[in-house]
Amino acid sequence: MLFDLLEMAAERIVDQIFDNNWTGKYGEKLTERELRLVSLFGRKGKTLKNLYLPKDDGGTSEIDLIYITQKGIFVIESKNYSGWIFGNSKDQYWTQSLPDGTKNRFYNPIKQNQTHLKWLRQFLKQDITLYSFIVFSERCELKKVSFDEPNVDVMNRDELYAAVRDVWNQAPDTLSGEMVEQLYAMLEPLTHADSATKQAHIDSIQEKKQAAEALCPQCGAKLILRTVKKGVNAGNQFYGCSAFPKCRYTRNID
C-alpha cells in the first residue's frame, strides 16, 4: 500500500516536470512491470515493447506493449493520464477532465488499438486470438467509460493482473509453448526500429492530428475561422462548423 502511494506521488511529480512523450514512456515502463508480475505469478508469457508494425502505405503502426501467451496475444495501449476519463467505444474522441476544470480530447484508445490489431493480424498472417487491453494510470478515474466488444477491456494499471487472470481462468489455450516462442522471434525484430522510422512515425501522427483538428468533432465537416460580429466579444475570432446552422459546434482559438 505504501509503495503504491509513493509510486503515485512520483508519477504526479513526473507529470509536472516532463513532457507528454516522456510521461507516456514512463507509463509504459510501469505497465511492463505489471506484466512481469503477471508472468511471475504463473501466467507465463513473453513481453515486447514499442513494436513498429509495417503498414500498406509504407508507414508504421506502433504498439506500446504486447504479451504473448498460450491464451493468445494481449495487445496493450498504455495511457498515463490523470483526472477523470469519459468516453465509449463508439466515440471518435474521449475526454480528460482535470481538477482545475481543463478538458482535453484524445483519440478513442479502443479505436486506436483496433488499428494496431489490424496491422498485427496482417503481419502475422495467422488466425491468432488477440485481446485489446487499454490500460490507464492509477492517477485517473474512469468515470463514464463503456464498451461491449469481445476481447476488449479498459482498466487502471493496478487492475491489469486481475484482467489477465480472468482471461487465463476462462479462455482455453490456443497456442503451444513452441508457438509462443516462434511468435516472439517473429515480432522481436519490430522493436528495433531505426531513428528514421521512428521520426517518420512521429511526423505521420502530427499530420493526422493537425488534419483532425481542422474537422468538426460532432459532424466531421470542416472548421472555418469566423469573427464575432456583435456583442461584447465583437471582433474576436473562433472556429465554427462549416455546416452551420445544421451544426452549431464552435471552438475558441487557443
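This is a predicted model: local features need pLDDT of at least 70, side-chain atom pairs count only at pLDDT 80 or more; totals for chains, interfaces and linings use all residues.

Visitor: How many helices and strands in the chain?

Guide: Six helices and 12 strands. These are DSSP runs numbered from the N terminus, helices being H or I with at least four residues and strands E with at least two.

Visitor: And what share of the residues is buried?

Guide: Of the 254 residues in the chain, 38% are buried, meaning under 20% relative accessible area with a 1.4 Å probe, protein chains only.

Visitor: Switching to helices. At what angle do α3 and α5 pack?

Guide: About 105 degrees, with the axes 12 Å apart; α3 is residues 109–124 and α5 is residues 177–187. That makes α3 roughly perpendicular to α5, a label for angles of 65 to 115 degrees. Axes are lines fitted to C-alpha atoms over the stretch in contact, and angles run from 0 to 180 degrees between N-to-C directions.

Visitor: Which residues meet there?

Guide: From α3, L120, F123 and L124; from α5, L183, M186 and L187. Contact means heavy atoms within 4.5 Å. By class, the contact of α3 with α5 has six nonpolar, no polar and no charged residues.

Visitor: Which residues have the most contacts inside the largest nonpolar core?

Guide: I66, I68, I73, L120 and L187, in a core of 19 residues. A nonpolar core is a set of buried Ala, Val, Leu, Ile, Met, Phe, Trp, Tyr and Cys residues joined through side-chain atoms within 4.5 Å. Two or more residues each come from β1 (46–54), β2 (60–69), β3 (72–79), α3 and α5, and α3 gives the most, with four.

Visitor: What does I66 touch?

Guide: Not counting residues up to four places away in sequence, I66 touches K46, T47, L48, L51, I73, F74, V75 and L187. Apart from this core lies another, of 16 residues, among them L35, L65, Y67 and V135.

Visitor: Last one, S132. Buried or exposed?

Guide: S132 counts as buried because its relative accessibility is 3%. S132 sits in strand β7, residues 130–136.

Visitor: What is S132 in contact with?

Guide: V75, N113, L117, N151, V152 and D153, leaving aside neighbours within four places in sequence.

Notes. Residues are numbered from 1 along each chain as its sequence is written. Side-chain values use heavy atoms; hydrogens and water are left out. Angles under 35 degrees count as roughly parallel, over 145 as roughly antiparallel, 65 to 115 as roughly perpendicular and the rest as oblique. Ala, Val, Leu, Ile, Met, Phe, Trp, Tyr, Cys and Pro count as nonpolar, Asp, Glu, Lys and Arg as charged, and the others, Gly among them, as polar. Buried means under 20% relative accessible area, exposed over 50%, partly exposed in between (1.4 Å probe, protein chains only).
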